[in-house]
Every structure is written in C-alpha cells, then in structure tokens.
Amino acid sequence: MVFAKEDVNYSLYLVTDSTMLPPGTTLYSQVEAGLKNGVTLVQIREKDTETGSFIEEALDVQKICKKYNVPLIINDRIDVAMAIDADGVHVGQQDMPIPMVRKLLGPSKIIGWSVGKPSEVETLAKWGPDMVDYIGVGTLFPTLTKKNPKKSPMGPQGAIAVLDALEEYKASWCRTVGIGGLHPDNIQRVISQCVATNGKRSLDGISLVSDIMAAPDACAATVRLREMIDRTKYQFVDCELNESFPTAVSIKSVISQVSSNRPLVQHVTNKVHQNFGANVTLALGSSPIMSEIQSEVSELARIPNASLLLNTGSVAPIEMLKAAINAYNEVNRPITFDPVGYSATETRLCLNNTLLTYGQFACIKGNSSEILFLAKLNNDKMKGVDAGSGKNDDALLARATQIVAFKYKTIAVCTGEHDFIADGTFGGECKLSSGTAGVTAEGLPCVMIENGSIPIMGDITASGCSLGSTIASFVGGLDPTGNLFDAVVGAVLLYKTAGKLASTRCQGSGSFHVQLIDALYQLFHENKPEKWSASLKKF
Ligand SMILES: Cc1nc(C(=O)O)sc1CCOP(=O)(O)O
Ligand SMILES: C=C1C=NC(C(F)(F)F)=NC1=N
Ligand SMILES: [Mg+2]
C-alpha cells in the first residue's frame with residue numbers, strides 16, 4: 001500500500017527508541033499504544049541495533065502500522081527501508097545525500113530530513129519539490145534522547161527562522177514537524193509561537209520520542225498529547241485574551257478587579273528596584289513579595305491571584321528564574337517579563353534569550369532599545385541599560401512592538417516618549433499548519449499612549465522597572481473574565497498619568513519618588529480613568 005504524500009498526517013509523529021522502555025513494556029506495546037490513541041506517523045529509529053534484528057523489529061512495527069493505516073518511516077537505514085518496502089526514510093545532515101536517497105527509493109516514498117537552520121532550507125529548496133517531503137525542525141528544547149547532540153536548542157524562535165526560510169525560498173511543498181524535548185508543558189506554546197513571520201504557515205506536527213516511548217502508561221500519555229495537539233485555544237493565562245481596544249470603562253473595571261482581588265506580586269528583580277517596586281505594588285492595593293527562593297516558587301504561584309514579575313536587571317541564578325517561569329506557567333498565572341539591558345552584554349543577551357524561549361509570558365515590557373533589539377530592528381549594540389539614545393519615530397516603535405508581540409504571542413510594551421502596546425495573543429487561537437491565516441505583526445491591535453514628556457522620570461531609579469510592578473499587579477488582579485490587553489494598557493496609562501501628576505507636584509527627584517507613589521495611590525483608589533491625562537490612540 002502506498003500512501004499519497006498529501007494524505008500524510010504529520011500531527012503526532014512518534015519516533016521510537018528501545019533504550020528507554022519502562023519495565024513491562026516492549027517496543028511494540030509502546031508503538032501500539034501510541035497508534036491506538038492518536039499517533040499519526042511512526043519512525044523506527046534504533047541507532048544501536050544490528051541490521052538483522054533491526055529488520056525483524058521493523059517488520060513487526062510495520063505490521064502494527066498497517067493495522068492502523070499509518071505510514072512507517074525508517075531512520076537512516078535506506079537499505080532496510082527498501083528491504084521491507086517501508087513508506088519512507090528519515091535522514092540527517094550527515095547521512096546519505098537526499099538526491100541519492102530519492103534515486104534509490106523512487107518518487108512515491110516519503111523522505112524526511114533533519115533541519116536545524118535556514119541555510120539547510122535553501123539547499124532543499126534548490127533540490128525542488130521532488131526531493132524532501134518533510135523536515136524535522138530541531139532541536140527545539142534540551143533533550144537527553146539524542147545521544148551526541150550536535151545542535152544546541154533553537155527554541156521556538158529558531159523554528160520560526162526555519163519556517164521563514166521555507167517561505168522565503170518558496171518550498172511550499174515541504175511539511176514540517178518540530179522535535180526535541182517536546183512534552184505537554186511546552187507543546188501548545190510551540191504550536192502557538194512557531195509561526196512564519198508572514199503568518200502563512202506553522203508546524204504541521206509534533207514529533208517526539210520519550211514522552212511516549214518512556215511512558216509507563218503510553219496510552220494515557222498519547223491521549224494527553226492528542227488532546228493537546230487538537231486544541232485550537234492556548235489558554236496560557238486564566239483571564240480573557242481578546243483583542244478589544246481598551247476604553248475608560250474597561251480600564252475602570254480592571255481597577256475594580258485589582259482592588260478587590262489584591263494580587264500577590266512576586267518580584268524577582270534587581271536590588272535597586274526591590275524597595276520602590278514593593279511600595280508601588282502596595283500603593284496599587286496589591287501585596288508584594290520579593291522572593292528568589294527556588295523551593296517556594298511553586299507555592300507562591302498557587303496563591304490566589306499570584307503574578308510574577310521577572311526583571312533581569314540583576315539576576316537570580318538562572319535555575320531559579322526557569323523554576324519560576326515553569327511554576328507560573330504550570331498554573332496559568334501571568335508572568336511579566338522585563339529583559340533589562342536586553343543585549344547590553346553577551347551575558348545578558350544569552351540569559352534573556354534563554355528565558356524568552358523557556359516559557360510563555362503574559363507581557364514583555366522594555367524600553368525602545370530593548371524592544372527594537374528584540375524585534376531585530378536595531379543593529380547597533382545597546383548603550384548601557386538606560387533607554388536608547390536618539391529619537392526613534394513612532395511608526396518604527398509601533399512596528400517593533402507588534403513584531404515582539406507576534407514573535408512571542410504576548411502583550412508587548414515599548415516605553416519611551418510615547419508608549420506602545422500591542423496584543424499578539426490572537427485570543428489564544430492556534431493551529432497546526434495554517435499559522436495565523438496570514439495575519440502578520442502589522443495586523444495586530446496596537447495602541448500608542450501620549451502623555452507629554454516627564455524628564456524627571458529618568459532621574460529616579462527603577463521608574464521603568466516599577467511600571468513592571470504596575471503591569472504585574474494589574475494582570476495579576478484580573479478575574480478569569482478580565483481582559484489581559486485592558487489590564488496592560490490600563491497599567492501603562494495609570495503609571496504615565498501618575499508620573500505626570502507627580503512631576504507637577506515635586507521639588508526634585510527625591511520628592512518625585514514620593515509624589516509618584518502618592519499619585520499612583522490616589523489615582524488607583526479614585527479609579528476615574530476618564531479623567532487621566534495620558535491619552536490612548538489606536539495605532
Ligand atoms: C530524534 C531526535 N532528533 C532531534 C533533532 O533535533 O534533530 S532531537 C531528537 C530526540 C527527541 O527526543 P525527545 O522527544 O525524547 O526529546
Ligand atoms: C533526527 C531526527 C529529526 N527529526 C525527525 C523527525 F521529527 F521525525 F522529523 N526524526 C529524526 N530522526
Ligand atoms: Mg540520522
């Protein structure tokens with residue numbers, strides 16, 4: 001039986017490995033459990049097996065696959081694939097060159113190729129539509145399954161670069177599966193974030209080994225994976241994600257929610273910001289906790305209305321930051337990420353990129369330099385950790401904010417003379433293959449906040465960081481029916497209005513600090529957004 005290539009379903013692609021079988025299971029029992037519960041494609045990959053027994057195993061697996069009408073792909077071994085008339089092969093960059101594989105297997109067999117970077121896409125595009133049928137895009141996340149890992153994890157952003165290359169080189173025939181460290185805790189984020197910049201394609205499937213092969217109950221593991229992959233809504237935070245434009249009324253409602261829910265705002269932040277951030281949080285009727293203790297982060301995340309502010313100004317150990325991201329993602333509580341000094345040094349760049357790839361953020365907030373860099377629109381290195389020097393025009397900043405929102409499927413905030421806020425959550429909608437149906441960054445809801453300049457804001461410490469505290473309070477205080485975009489816009493509007501008010505009342509930077517907290521306190525408790533000086537404009 002030959003499978004028509006366009007009928008191949010790549011959505012849940014099991015790659016076998018007999019070296020990790022739990023007691024009481026066999027290669028066949030795990031594969032059958034997968035096939036019974038929604039695996040749509042199987043690859044037998046047994047690196048350390050002698051040819052004879054490999055062929056025996058492959059024939060047995062082939063029988064099971066035929067029973068479920070699922071194609072069987074052989075890893076690396078073209079000879080074995082031909083010997084048993086398998087449905088295709090998967091080869092890596094160091095294996096037999098693709099044109100030779102195609103010559104041996106003929107046009108109807110499925111050929112898969114491991115791809116880790118855009119230049120490899122250029123090659124496959126040059127070979128044309130008769131060569132590579134699908135690519136394994138990886139290694140997405142760290143994994144122990146691949147013995148001698150040659151590739152460092154690329155994360156969703158690396159997969160986006162590969163998807164972009166497929167679009168750039170017009171390899172429309174080529175399908176894609178993500179692979180490497182894929183598990184229930186990151187699959188939905190991968191499906192949601194791995195979208196080509198033109199919005200026209202996302203991964204066609206999720207490929208994995210250990211989540212099923214090493215599962216004591218491979219049926220249950222596969223059922224969970226299947227259900228997750230079939231979901232078209234990625235609810236990474238327990239509040240509403242819809243792209244309505246905020247109004248004074250909706251912001252008033254956000255403040256009432258925050259006021260009554262009194263969110264716990266865990267600050268993992270730099271030393272300079274801690275005290276002031278705590279006072280800003282208290283002024284907003286929320287309760288701050290400055291904890292960097294890894295062992296308590298799961299408990300804190302489970303406190304009602306918990307909200308995490310991750311500010312990488314001066315950093316806790318990366319393992320603690322990762323634990324915090326995991327803990328809050330696990331219980332769908334919001335994380336506000338402030339990549340302070342995003343790329344000022346190699347260390348910060350590496351740390352921030354690692355964290356950006358490690359979890360889903362409700363909001364990513366930065367100054368214009370940080371946002372321009374995150375959007376890859378700023379070539380020169382950042383100057384120090386303060387706001388970028390020089391004037392960037394509004395259109396560029398709005399676009400950069402939309403690009404960051406799109407890449408990370410988050411609410412992106414770019415602060416400066418004007419503030420920009422873009423909603424890249426797509427209401428949580430996400431789908432295999434079709435991406436965002438062509439919606440691109442410039443199609444995202446984006447607002448600009450005008451408020452006149454507040455020069456003195458730059459003369460105090462932690463003014464930007466404390467906007468983070470304000471955002472974290474607002475997103476943390478939402479009811480499940482509250483709206484994330486409203487909360488972030490409301491936080492920025494309130495903060496800028498308070499800054500303006502404080503600058504008219506203070507005698508210098510010392511009293512500005514105090515006046516800013518007073519203004520936040522008064523405006524919050526008064527809750528009359530319709531009277532705020534900061535104005536909102538759809539961009
Ligand atoms: C077979 C394979 N190829 C990879 C690549 O990056 O090309 S990673 C990998 C192993 C993936 O195993 P797990 O799902 O257990 O992480
Ligand atoms: C190294 C590999 C990379 N990707 C894939 C797949 F996901 F199936 F495409 N299989 C492999 N064996
Ligand atoms: Mg190989």
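I began at ligand 1, where a polar side-chain atom of lysine 151 lies 3.2 Å from an oxygen atom of the ligand. I count as a polar contact a pair of N or O atoms within 3.5 Å; within protein, one atom must be able to donate a hydrogen and the other to accept it, and residues adjacent in sequence count only if both atoms are side-chain atoms. I noted that taken alone ligand 1 exposes 420 Å², of which the protein buries 97%. Accessible areas come from the Shrake-Rupley method with a 1.4 Å probe, and for residues only the protein chains shown count as cover.

I record here that this is a predicted model, in which local features need pLDDT of at least 70 and side-chain atom pairs count only at pLDDT 80 or more, while totals for chains, interfaces and linings use all residues. Residues are numbered from 1 along each chain as its sequence is written, chains are lettered from A and ligands numbered from 1 in the order in which they are written, and side-chain values use heavy atoms, with hydrogens and water left out.

**Ligand 1, continued**

An N or O atom of the threonine 143 side chain is 2.7 Å from an oxygen atom of ligand 1, and for the side chain of threonine 145 the value is 2.6 Å. I found 13 residues surrounding ligand 1, the closest being Thr139, Thr143, Thr145, Gly181 and Ser210; a residue is near a molecule or strand if one of its heavy atoms lies within 4 Å of it. I sorted this shell by class into three nonpolar, seven polar and three charged residues. Ala, Val, Leu, Ile, Met, Phe, Trp, Tyr, Cys and Pro count as nonpolar, Asp, Glu, Lys and Arg as charged, and the others, Gly among them, as polar.

I also checked the backbone at threonine 139. A cis peptide bond joins glycine 138 to threonine 139, with omega about 15 degrees. Threonine 139 has its place in the loop between S6 and helix H6 (155-168). Helices (H or I, at least four residues) and strands (E, at least two) are DSSP runs, numbered from the N terminus.

**Ligand 2**

I found 13 residues around ligand 2, of which Tyr13, Gln43, His90, Tyr134 and Ser207 come nearest. A nitrogen atom of ligand 2 is 2.9 Å from an N or O atom in the glutamine 43 side chain. For the side chain of asparagine 75 I noted 3.4 Å, and for that of histidine 90, 3.4 Å. Ligand 2 taken alone exposes 300 Å², and the protein buries 94% of that. Strands S1 (12-15), S6 (134-137) and S7 (175-179) each supply at least two residues of this shell.

**Helix pairs**

I looked up helix H1 (residues 27-36) and helix H2 (residues 51-67), whose axes come within 10 Å and cross at roughly 20 degrees. Axes are lines fitted to C-alpha atoms, for helices over the stretch in contact, and angles run from 0 to 180 degrees between N-to-C directions. H1 is therefore roughly parallel to H2 (angles under 35 degrees count as roughly parallel, over 145 as roughly antiparallel, 65 to 115 as roughly perpendicular and the rest as oblique).
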